[in-house]
Amino acid sequence: MHSETEFRGHLAALAEPVKPVEGYEDKVMRRSRRLRRQRRMTAGAAAAVCVAVLVTAFRVVGFGSASQLAAPPPDGPFLGWSAAGDVDAGLVREATALWDAAGTGGPHTAVRAFVALRNDQQLHSIAVLEGYDQQGAARLAFFTSDVSAANALRLRADRPAPDPVTTQVISLVSPRLTGPVGAVSTDDFGTYAIVVAMPGVTTVRVSNTIIDDEMIGDPDAPTSRLVVQRFPLAATAPTTTISGFVKPNRPLAKPTKVFEVQGDGGADDDPRAVPGKVSAATGQQIVVAVQQIQAVRRGQLAVVTEGLVGRVTAVDVPRGEATIDLVTSTGFAGPAYTSISDVPGSVRGTGTSLVMEHIPTGSIVYSISAGNRVVMPDPCQPNDHVGAVTVGRASSDNKAASATSMELTPTVDLTHVREVSIMTSPAGGDC
Amino acid sequence: MDRQDDEGVTAFVRASYGRLLHEAFLLCGDAGRAEDLVQTTLAKTVVVWSRLQRSEGIDNYVQRTLINTYLSARRRRAWWELPFGRLMESQARDEYAGVEQRDWLRRALDALPPRQRAAVVLRFYGDLSEQDAALALGCSVGTVKSLTSRGLRALRQRWVELDATAEHEVRYA
């Protein structure tokens with residue numbers, strides 16, 4: 001092998017004697033048909049495996065139809081719910097006796113417990129009972145301990161029983177659940193929400209717009225049907241949102257929200273939230289139709305979950321209507337302060353926007369940062385902090401020491417308000 | 001495939017079978033395996049015949065498929081056919097070859113690694129340029145140069161060894 005040419009010749013000479021066998025064309029065509037069949041079968045098998053994997057993934061991950069929450073059938077006028085957790089029979093007897101002795105329609109009959117537990121970490125004893133009063137009306141009552149009286153049980157709320165067919169959750173939100181009856185907690189975080197969801201709900205989330213969302217923990221973590229949540233004193237039932245979730249019985253499925261409602265109401269001595277439907281609206285005012293118009297007075301606050309809508313300026317009892325100045329209207333003004341940092345001042349509507357004024361200057365540096373929450377006291381509450389309602393958030397920082405006013409962004413979308421809650425005085429009060 | 005395609009395929013198989021068979025024989029060193037390799041290559045080509053007519057050149061595809069099928073078969077064989085550590089007996093000479101050099105060349109090609117052998121066959125029997133050989137082997141031009149160079153060097157080495165053996169046999173015959 002002395003040259004490439006010679007090598008090429010050797011290769012050609014080596015390959016030359018090899019001759020094709022007879023019928024090679026047919027062999028090639030047969031082989032190609034077999035190959036085609038194999039490829040089709042492989043593709044079919046691969047498709048079947050893909051479908052199987054997808055179906056399994058859907059089942060495991062939790063795609064598919066949303067979970068439906070089946071409501072237990074009502075028990076006459078009562079909710080047909082089972083109790084949440086173990087029922088302490090002694091506590092039920094104690095609470096029933098207290099309920100009967102309260103002079104609000106006892107003795108009570110056919111009493112059943114939704115909650116009756118001792119040794120709760122926050123409220124010690126909690127009982128939620130339903131039963132007939134002396135007149136045969138179905139009632140719902142909440143009981144908690146009085147820490148100032150050796151945890152003696154106290155009746156906190158006694159209301160008509162809710163609709164047994166449509167109700168998915170019952171709740172009580174109040175700062176008057178830890179001391180003597182009617183006494184506001186002395187703790188800054190002294191408002192509690194007691195929430196009992198219907199059977200089948202796997203997670204209950206309770207939030208209040210007085211607390212920023214960032215402070216809420218893992219929202220998907222499963223909870224009991226009973227949730228006791230602690231809030232600042234400013235939290236009230238109308239600004240509380242309760243959401244119920246059901247987690248499908250699939251390992252990675254996400255919980256499905258089955259309801260989202262406002263808090264039901266407060267304790268018997270709390271201001272009562274009277275609902276009103278917006279019947280007319282201008283850029284400055286709204287007119288709301290209120291069924292319980294006798295409870296409505298000038299100066300009372302109209303709120304929604306997100307915060308303050310405005311203040312009642314006129315009440316037309318015969319027509320059952322109340323006129324409300326929106327927070328951005330020129331007629332709106334009142335004291336206000338920043339939540340947490342407690343910078344005092346007052347707020348005023350300019351006709352198109354909302355400003356905070358009279359921010360003090362001087363030796364103490366009052367600093368307000370963009371996004372800080374500004375709240376307005378409720379005149380129906382005993383002090384400025386209890387039940388204060390968010391009116392807006394600072395639009396910018398007031399870094400300039402001499403700045404005594406700043407613009408606020410209302411927390412409520414005033415153009416889309418359909419219903420409001422008017423915070424009226426508690427029974428026996430007048431505000 | 002329609003009737004026109006069928007006729008085209010048959011004509012293509014007839015036209016290319018002999019050339020591919022020679023090339024396959026140089027790759028395998030065995031006529032039976034060469035037949036099998038060519039039929040597999042052409043069957044694969046027939047399966048994608050319609051697509052090939054719309055895209056790349058059929059000859060390029062066939063060339064690449066032949067080399068890939070050969071190299072894949074060698075890899076598979078290497079996996080389940082474990083060779084002995086040493087040859088138990090020497091391979092029999094081709095009784096019908098008649099020409100000593102052909103027998104030697106077949107043995108020398110058999111001793112080359114598959115990719116070196118493919119590069120040598122493509123370059124010196126198929127007359128492919130380095131670029132075309134690179135395309136058929138699925139590697140860079142530099143790799144083709146390297147494979148070819150090492151293949152040729154190994155063949156020359158064996159040639160030198162053969163010369164020395166022949167001289168020795170003559171001297172002590």
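This is a predicted model: local features need pLDDT of at least 70, side-chain atom pairs count only at pLDDT 80 or more; totals for chains, interfaces and linings use all residues.
Helix H1 of chain A and helix H5 of chain B are roughly perpendicular to each other, a label used for angles of 65 to 115 degrees. Their angle is about 95°, and the axes lie 10 Å apart. Axes here are lines fitted to C-alpha atoms, for helices over the stretch in contact, and angles run from 0 to 180 degrees between N-to-C directions. Helices are DSSP runs of H or I with at least four residues, strands are runs of E with at least two, and both are numbered from the N terminus.

Residues are numbered from 1 along each chain as its sequence is written, while chains are lettered from A and ligands numbered from 1 in the order in which they are written.

Now zoom out to where the chains meet. In total, 28 residues of chain B are in contact with 22 residues of chain A, contact meaning that C-beta atoms, placed from the backbone, lie within 7 Å. On chain B's side, the largest share, 10 residues, comes from H2(B).

Chain A also holds an open sheet of three strands, in the order S5-S6-S8, with antiparallel pairing. Strands pair if DSSP finds at least two bridges between them; S5(A) and S6(A) are joined by six. Look for Val173(A), which stands opposite Ala193(A) in S6(A).

Conventions
Angles under 35 degrees count as roughly parallel, over 145 as roughly antiparallel, 65 to 115 as roughly perpendicular and the rest as oblique. Two residues are in contact if their C-beta atoms, placed from the backbone, lie within 7 Å.
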